[in-house]
Amino acid sequence: MNNSDLTPEYLFLLSKFQKFKEPQEFETEFWCSILKQPTASIIETLRNQGYLIKADLKTVLENKCKINDLKEMLKNLDLKQTGKKEELIDRLLKNAKQELFKDYLTIVLYKCSPSGEMRAQKYVEEENRRREENEYLVVNALKEREFVKAIREMVKFEASQIIPRGMGIDWKNYNLEQIDVEILTNIFKNKPKILSDVDDDKSEVLRIGASMMHLYGAAAADKWFPTNFETKSRFDNNTAARMLLFHVEFLREKNDINNSIKSGIATIKKIAIIAANDSCEECKVMANKKYTLNNIPELPYEKCTCDLGCRCCISPVFD
Ligand SMILES: [Zn+2]
């Protein structure tokens, strides 16, 4: 294998060694299946190619010893304990017998060589660029309300990742497209009362952010908001976007309950609202009652005063 034909798996593993690390970390069954071959054999190839270097004893001590460990060792040898970490290590290596380091001599650490670092950096940059391009495409599709296209671009990207996101999602045979279309459609179609202060232009931006959070399983949408983006909502941008997602979730659950009632699968007479332990008083008072589909308050609850926004959810009460 020469310079130019390291597979993505090799480059991916190489990029994990931009700092000194124990290869053991990557020798688990999970990593071997991700890398499609035993990690040890990839590491051996990368070493033979000169992309990885092994740490000497001094480097192992630098990486694995705390200052206090070194001082303790020096103290036991009646040696001076002052100086920077490097000086302490040099003093130890000069004065102590090999025996003292026996625990450290067995530790194997690897790091990219200068040429390995170049390959790793280029790989990481390329991957970041690919991610940005993908997200750009998806944001544009959302702006055009081309939801199927947005979903398919996201799925194509996730399927190409060495470590795919989400446990148990088969990105190569993705079967949640219909649900995603429904969620995206609802994000753009509905606005909860809790965001009534937000005008249409700003809502559009929040909706794009909320859709990206949903599609990429992201906890925050900052990177998809324009710089200095602000709404008149009392919430920060991420919380406001999350309120859009919660509202869609609420509509979905309400619809599910309605369908169960109509189909006669379950006898549901009442619906409970469950508040979080640290929810505001407004939410707690509201959550304390039982509701029907006709009189259930909209969630997220309009009157909620929590900084994190309303986190209440609904749950059917079965007979
Ligand atoms: Zn609340």
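Tutor: Arg145 sits in the loop that joins helix 8 to helix 9. Please keep in mind throughout that this model is predicted.

Student: What value does phi take at Arg145?

Tutor: Phi of Arg145 is near 60 degrees, which is a positive value in a residue other than glycine.

Student: Which residues of helix 8 and helix 9 meet?

Tutor: Helix 8 contributes Asn134, Leu137, Val138, Ala141 and Leu142, and helix 9 contributes Lys149, Ala150, Glu153, Met154 and Phe157. Sorted by class, this contact of helix 8 with helix 9 has seven nonpolar, one polar and two charged residues.

Student: How do helix 10 and helix 11 pack?

Tutor: The description again needs an angle and a distance between axes. Helix 10 (residues 177-189) and helix 11 (residues 200-216) have axes 9 Å apart and pack at an angle of about 160 degrees. Helix 10 and helix 11 are therefore roughly antiparallel to each other. Helix 10 passes helix 11 in a right-handed crossing. On the side of helix 10, the contact is made by Ile183, Leu184, Ile187 and Phe188, while helix 11 supplies Arg207, Ala210, Ser211 and His214. The residues of this contact of helix 10 with helix 11 divide into five nonpolar, two polar and one charged.

Student: Where is Lys36 found, and what is its phi?

Tutor: Lys36 is found in the loop between helix 2 (29-35) and helix 3. Its phi is positive, about 65 degrees, although Lys36 is not a glycine. Lys36 has 10 other C-beta atoms within 10 Å and is therefore exposed.

Student: Where is Ser41, and is Ser41 buried or exposed?

Tutor: Ser41 belongs to helix 3 (residues 39-48). With 11 other C-beta atoms within 10 Å, Ser41 is exposed. Ser41 and Ser113 are 72 residues apart along the chain, and 18 Å separate their C-alpha atoms.

Student: With which residues is Thr59 in contact, leaving aside neighbours within four places in sequence?

Tutor: On that basis, Thr59 is in contact with Phe20 and Leu109. Thr59 lies in helix 4 (residues 57-64) and counts as partly exposed, because it has 16 C-beta neighbours inside 10 Å. From Thr59 to Ala218 there are 159 residues in sequence and 37 Å in space, C-alpha to C-alpha.

Student: Which peptide bond is cis?

Tutor: The peptide bond from Leu299 to Pro300 is cis, with omega near -10 degrees. Pro300 is found in the loop between strand 4 (290-291) and strand 5 (313-318).

Student: Finally, how is the chain divided into domains?

Tutor: Domain 1 spans 57-105 and domain 2 spans 176-266. Taken over C-alpha atoms, their centres are separated by 56 Å.

Key. Residues numbered from 1 in each chain as written. Predicted model: local features only at pLDDT ≥ 70, side-chain atom pairs only at ≥ 80, totals over all residues. Domains from an automatic or database assignment. Contact = placed C-beta atoms within 7 Å. Helix = DSSP H or I, 4+ residues; strand = E, 2+ residues; numbered from the N terminus. Nonpolar A, V, L, I, M, F, W, Y, C, P; charged D, E, K, R; others polar. Axes fitted to C-alpha atoms, helices over the stretch in contact; angles between N-to-C directions. Parallel < 35°, antiparallel > 145°, perpendicular 65-115°, else oblique. Left-handed = near helix turned anticlockwise from the far one by under 90°. Buried ≥ 20, exposed ≤ 12 C-beta atoms within 10 Å, placed from the backbone.
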